[in-house]
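This briefing covers the domain layout, the contact surfaces, the sheets and selected helices of the structure shown below. The points are grouped by topic.

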Amino acid sequence: MNNKPRIAFFDFTGCEGCQLTVIDSLENHPELLEAVDIVQFREAMSEKDDDFSIAFIEGSCTRSSDEKRLEKIREQAALVIALGACAHLGGVNAVRNIQPLESVRRCVYGEKAEVYETSIAKPIGDVISIDGFIPGCPIDPEEFIRGVKRLLQGNRPLIPDYPVCIECKLRENACLFQRGKVCLGPITRAGCGALCPSLGVGCEGCRGLIPNPNITWLKEVMAEHGQSSERISAKMGLFMTNQILESEVIDVES
Amino acid sequence: MKPILAEKMKLLSIYQPSTMLVSRVESVTELEKLITIELPEGGSFQHRPGQFVEVSLLGVGEAPISISSSPSRTTNSFELCVRRVGSVTNAIHALSPGDLIGIRGPFGNGFPMERFRGKDLLFAPGGLGLAPLRSLINEVIDDRGNFGRVVILYGARHPSELLFRDELETWKERDDVELHVTVDRPDEYWKGKVGVITTLFYDIQIHPRNTVAVTCGPPVMYRYVIMELLGKSVPEGNIWLSLERRMKCGVGKCGHCQMGSIYTCLDGPVFSYSQIKHLEEALS
Amino acid sequence: MTLKILPKKALPAWLDGLHANYRLVGPRAKQENFVFDVIQNAEDLRLDYNTTILPPKKVLLPQQETILQFDTSKDFHQVEPVFEDTPTVLFGVHTCDMHAINLMDQVFGQGYPDAHYQTRRQHTAIVTLECLNPCTEFCFCKSMETLSVPEGFDLHITDLGNVLAIEIGSGQGLTLLQHAKMVRDAGPKDYQHLQDVMSEKWPRFAYQLDFDITELPSLIALSYKTEVWDSLGDRCLGCGICNVVCPTCNCFDVIDEVDFDLQSGSRYRIWDSCQLDRFCSVAGGHDFRSSRANRLRHRFLHKFKYQPETYKIVGCVGCGRCAQECLVHISPVDVLNELYRRQVPFASIEQEVLV
């Protein structure tokens, strides 16, 4: 009998780029397909089997109907892993969370606003318990592969808890701030190999905050480099709206 | 010793584990297992109570674990009491007899037995802190004549978390060992004392100058136990602690276990209170 | 010590000779900065570099280094250590970085010697370079007494304009020099030239510390409780790049990676940083140095007190890389001078009382 772990992929609100990255990662690691059985993957195959033990979930939860679907996945899967920034953090979708929902709905759907169900964009970990996450927009294919191997060993994916700055400096990039650019590297979780800064683009924070980030002083640094407070908020809100809102609540409470 | 030609000498890595055999796996509590590890034929492993080994599960990682067996009771094996808290310990829990495991060490200083001889001994383990102290306690019991009184004050959170219950019974039955056990949160069957470990100190009378106290437990426990001991006038140099740190390499290179200028893996993990009381980070 | 003279125009041919026989690593340009890297073409070597982003320690302790390879698929565990012994010439090392390498030699050589580091080190010849100008506004080598080359180099070069003056520090250095043509012994004029260049260089460097480094251990010890650490801790981003760019930081983490069979793979080490959150966390989750202020203080204590006490070498060589990279402008010079400033009134009050 086949004892391979059965893996399923699910998508919620997102661009499906992380699922594409999974497909990409198979090109370099076809062994993955020998190590596991993929039983559900809408982006890549038409067969569908509801008997799975590991669920990768892409996309954020934006509707109450999503919540029921998530709960059902949770009931079936021994391990649930958030795949990518939307599932992990709420993602870009969460930009709307700082605006009144009604105006967001009107802006997007116009006259048909009443027809569509929508709500704030939540990370799936706010709806069901998760056993790990593969961060990023999109995910890093190598990190995904390493994460799967860890899961097969019975452990959670090992995701760095240090900032992008470390990886950036290990690659000997000149600091983007010194080149007149703005970067969220000091507060953003590493693991991407500082991909964007290495290409001269400031980190947008897609992998979420490190534990205990010094957001206050990074804002000072950004202001020192000529950024208005609106620009700073916009930059930090692209991927991390939910996390920044949370950290502000904690700041006020303490 | 025979001279060895340099070019013929194989380079050795201090990070290379020796492969050993898991010969026995016992559940101790829901969270802890006792693993017996057998040396390969001709292997030698001499440890002192209080030392630790780096346990390798190749492919998962490495973790420092204190040795729980007494050198007096084992010759070609040793025991580790392992709590499941991370990926390595998780993998250790999945082992069965016959599996192989990587071991480096023993590392660290261990307890200074020579300074304990002739003294009254007061052991105060809390929770998993009994794991390293079991090694020391059994070493003392097996050499009972060379020590004064032996008092064990053991605290756990819940009766189900008490380690080595059979052994606790044998200690209790001895008339040359005084064992007192307490739990913070009793269940309906618990008939013993209730309260944190420090409550056990209230009913104990000791000869302070002739007493050596040894404690090991969760970080939060040390300050309170030390306060009790100082309250009983045990000299600071007679209070011994085994400290937990992230001893990643075990050989003083990786930097994780440093407290002040001290490398816990080399200079510890056993310290007297007088050695570390000035180090703000030691008991934080 | 013998002094040799090499005309500068003979340098490229010498470098080509070295490149043909060794892995040649030296400073080269990367955008507007410099990095130590393998030198394939002689013209890529930039002896006029100011400083590099990462120190040359990366040649001896790579950012990521496999230490073991294993295969547990058989009924025995196959575990093999990995040692790297490519003959290497590390060319153009500034004197501060050579001091740092000497300290690293101690750290990895004492107690339990680390054969991974030592193998690399034994197969690396080092050619140091006399600094004639301060490299950046952040360097404070003169204060740290690292502006002169320490022992340990194989060759030491001073740029005399049209020629290079080369001191030979070891037999290995002599071997390296055999790859050069047009080398001659230095004559009286060369010595005079060297003397002039050296005496002109010193005034170009300023003392940045307001006190002597022999006072460092006690200054740091007496400053253990000052609120300076708290205000620095507020500011510090905890990003850890001060550690990454430091030529003496040697902390590392160890990680296993397996193949899909979950049985074979490798164990490697990567640079770690004591300024990072969770550097001191244990498996149960307790963090023994959880505040940024305490982590920063630990870094200073380690460099300026513990290491001088243990190795008789100060753990900071004044290269200024950390200050240059720090986004919130935490500079050892400023911090140390501030600690000293706070000590002075205290000391003078005590003196008044004594009088």
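Between the two domains of chain B, 16 residues of domain 1 are in contact with 15 residues of domain 2. The coordinates come from a predicted model. Contacts between chains B and C take 39 residues from chain C and 34 residues from chain B.

**Domains of chain B**

- The domain assignment of chain B places domain 1 at residues 14-107 and domain 2 at residues 113-242.
- The centres of domain 1 and domain 2 of chain B, taken over C-alpha atoms, are separated by 24 Å.
- On domain 1 of chain B, the side that touches domain 2 of chain B consists of 5 nonpolar, 7 polar and 4 charged residues.

**Domains of chain C**

- Chain C is divided into domain 1, made of 3-62 + 84-204, and domain 2, made of 213-249 + 284-354.
- A distance of 29 Å lies between the C-alpha centres of domain 1 and domain 2 of chain C.
- Domain 1 of chain C gives 22 residues to the contact, and domain 2 of chain C gives 19 residues.
- On the side of domain 1 of chain C that touches domain 2 of chain C, the elements giving two or more residues are H3 and helix H5 (141-144) of chain C.
- H3(C) provides the largest share of that side of domain 1 of chain C, with 8 residues.
- By class, the residues on this side of domain 1 of chain C divide into 12 nonpolar, 7 polar and 3 charged.

**Side of chain C that touches chain B**

- With 39 residues of chain C in contact with 34 residues of chain B, at least two residues each on the chain C side come from strand S4 (64-71), strand S5 (78-81), helix H4 (115-122), strand S11 (252-258) and helix H11 (292-311) of chain C.
- S11(C) supplies the largest share of this side of chain C, namely 5 residues.
- The side of chain C that touches chain B has 22 nonpolar, 12 polar and 5 charged residues.

**Helix H4 of chain C**

- C:His116, C:Tyr117 and C:Arg120 are the buried residues of H4(C).
- These residues lie on the same side of H4(C) because they cover an arc of only 100° around the axis.
- An α-helix has 3.6 residues a turn, so residues three or four places apart point the same way.
- Packing partners of the buried residues of H4(C) are helix H2 (57-60), S4, helix H3 (95-109) and strand S7 (124-129) of chain C.

**Helix H9 of chain A**

- Helix H9 of chain A spans residues 215-224, and its buried residues are A:Ile215, A:Leu218, A:Val221 and A:Met222.
- A:Thr216 and A:Glu224 are exposed residues on the face of H9(A) turned away from its buried side.
- Just after H9(A), A:Gly226 adopts a positive phi of about 85°.

**Parallel sheet of chain A**

- In chain A, 5 strands in the order S2-S1-S3-S4-S5 form an open sheet with parallel pairing.
- Strand S2 (37-41) and strand S5 (132-134) of chain A are the edge strands, each pairing on one side only.
- From one strand to the next, the twist averages 25°.
- Strand S3 (residues 54-58) and strand S4 (residues 79-83) of chain A run parallel and are joined by 5 bridges.
- A:Ile54 has A:Leu79 in S4(A) as its bridge partner, and A:Ile57 stands opposite A:Ala82 in S4(A).
- S4(A) is mostly covered, as 4 of its 5 residues are buried.
- Helix H1 (residues 17-28) of chain A lies across strand S1 (6-11), S3 and S4 of chain A, and H1 runs at about 145° to S1(A).

**Antiparallel sheet of chain B**

- In chain B, 6 strands in the order S4-S3-S6-S1-S2-S5 form an open sheet with antiparallel pairing.
- Strand S4 (61-66) and strand S5 (77-83) of chain B stand at the edges, each with a single partner strand, so one side of each has no neighbour in the sheet.
- On average, neighbouring strands of this sheet are turned by 40° against each other, direction ignored.
- Strand S1 (residues 18-27) and strand S6 (residues 100-107) of chain B pair in the antiparallel sense over 4 bridges.
- B:Thr19 stands opposite B:Gly102 in S6(B).

Key:
Residues are numbered from 1 along each chain as its sequence is written. Chains are lettered from A and ligands numbered from 1 in the order in which they are written. This is a predicted model: local features need pLDDT of at least 70, side-chain atom pairs count only at pLDDT 80 or more; totals for chains, interfaces and linings use all residues. Domain bounds come from an automatic or database domain assignment. Two residues are in contact if their C-beta atoms, placed from the backbone, lie within 7 Å. Ala, Val, Leu, Ile, Met, Phe, Trp, Tyr, Cys and Pro count as nonpolar, Asp, Glu, Lys and Arg as charged, and the others, Gly among them, as polar. A residue is buried if 20 or more other C-beta atoms lie within 10 Å of its own, exposed if 12 or fewer, and partly exposed in between; C-beta atoms are placed from the backbone. Two strands pair if DSSP finds at least two bridges between them. Axes are lines fitted to C-alpha atoms, for helices over the stretch in contact, and angles run from 0 to 180 degrees between N-to-C directions. The arc is that of the directions from the helix axis to the C-beta atoms.
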